[in-house]
Amino acid sequence: MIILENDKLKVQISEHGAELISAWNKEAELEYIWYGDPMYWGRHAPNLFPIVGRLQGDQYELAGQTYYMNQHGFARNMVFLIVSEQDDAVRLRLEDSESTRRIYPFAFIFDVIFTLNGSSLKVEYEVKNPASHDSLFFSVGGHPAFNLPLDGGKFSDYYLSVTPEKVYDRIRLVGPYSNPNVPTPFSSNIPLRLRQEDYHDDAIILKLDRQKTTFLLARLANQHGMEMTIDNAQFVGVWTPAGKDAPFIAVEPWWGIADTVDATGNFKEKFGVNVLAAGDTFNGSYSMNFF
């Protein structure tokens, strides 16, 4: 287990999946990251790569071949190497291998960088294409979940406010697949009150269009909470498992999304996929302030 610590926070990160396991606020004496109780959902904050969401039939086609991959990709289930580590920062890396190329025939270097700054934790995704000629097609995302209630009250006492305040496109899910052709308006002028029954159709997904966006998770009293700033993501998903009354909410920055209801299966035509030329680097990031 990797530990990053300063006078405000103590953070624990597992090399398995480069997953954030704990964010303990010393002053508030609060744990913010979901405990991972398998009765509800046995993860904490997995990193999603090289897909976000589900493929049609859990498969895709590339260069005339069919490949199979489970929801959210394989990175969350693999061990990352520590590239560099300091008291307040760590860089972890996953590279392509024989086993990854059997289900994802691309060369890649995927780094996850965690940096502490006061009561904030920054998470950066750096994807490099080491190939000499071929482009890299991929999606990437975060899936951090937060304990609710955090410091008293109940789940429905909490809200999520979104800045900038405007009308966003909400992308509905049909089963596990996205339906971006029929978006519905979502106004952030009024904070989203968190209600378990709103997630019977899975996540609430908003299209961010790579605009810097901030999400404040708190009670009306606003004594303690979490503020996430997403720098350049395409989408955000807000999720808790339906029908379980799970005591957590996930706020998920995504650079990619589940296959559409009318997906062709051609990976290069996948909605929301990122394309990285040979030798190029992709950067995406978000920060969480725990107060």
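A: What follows goes from the whole chain to its sheets and then to single strand pairs.

A: This is a predicted model, in which local features need pLDDT of at least 70 and side-chain atom pairs count only at pLDDT 80 or more, while totals for chains, interfaces and linings use all residues. Residues are numbered from 1 along each chain as its sequence is written, and side-chain values use heavy atoms, with hydrogens and water left out.

Q: What percentage of the residues is buried?
A: Buried residues, meaning those under 20% relative accessible area with a 1.4 Å probe and protein chains only, make up 53% of the 291 in the chain.

Q: How about contacts, what share joins residues at least 24 apart?
A: Counting contacts (heavy atoms within 4.5 Å) between residues at least 6 apart in sequence, 64% join residues at least 24 apart.

Q: Switching to charges, how far apart are the mean positions of the positive and negative ones?
A: The mean positions of the 25 positive and 37 negative charges are 2 Å apart, with Lys and Arg counted as positive, Asp and Glu as negative, and His and the chain ends not counted. Each charge is placed at NZ of Lys, CZ of Arg, CG of Asp or CD of Glu.

Q: Now the sheets: what is the strand order in the open sheet of nine?
A: The order is β8-β9-β10-β11-β25-β21-β20-β15-β18, with antiparallel pairing, and two strands pair if DSSP finds at least two bridges between them. The edge strands are β8 and β18 (192-193), each of which pairs on one side only.

Q: Starting from β8, how is it joined to β9?
A: A hairpin of three residues joins β8 to β9, and these strands, residues 81-85 and 89-95, pair in the antiparallel sense over four bridges, with L81 partnered by R93 in β9. Strand β9 also runs antiparallel to β10, over seven bridges, and there R91 has I113 as its bridge partner.

Q: Then what does β11 pair with?
A: Strand β11 (residues 120-128) pairs with β10 (residues 109-117) over nine antiparallel bridges, and nine bridges also join β11 to β25 (residues 281-290), again antiparallel. K122 is the bridge partner of T115 and stands opposite S287 in β25, while Y125 stands opposite G284 in β25.

Q: Which residue in the β10 and β11 hairpin takes a positive phi?
A: That is G118, with a phi near 65 degrees, in a hairpin with two residues between the strands.

Q: And the open sheet of four strands, what order does it have?
A: The order is β1-β2-β3-β4, with antiparallel pairing, and the edge strands are β1 (2-5) and β4 (30-31), each pairing on one side only. Strands β2 (residues 9-14) and β3 (residues 19-25) pair over six bridges, with Q12 partnered by S22 in β3.

How values were computed:
Buried means under 20% relative accessible area, exposed over 50%, partly exposed in between (1.4 Å probe, protein chains only).
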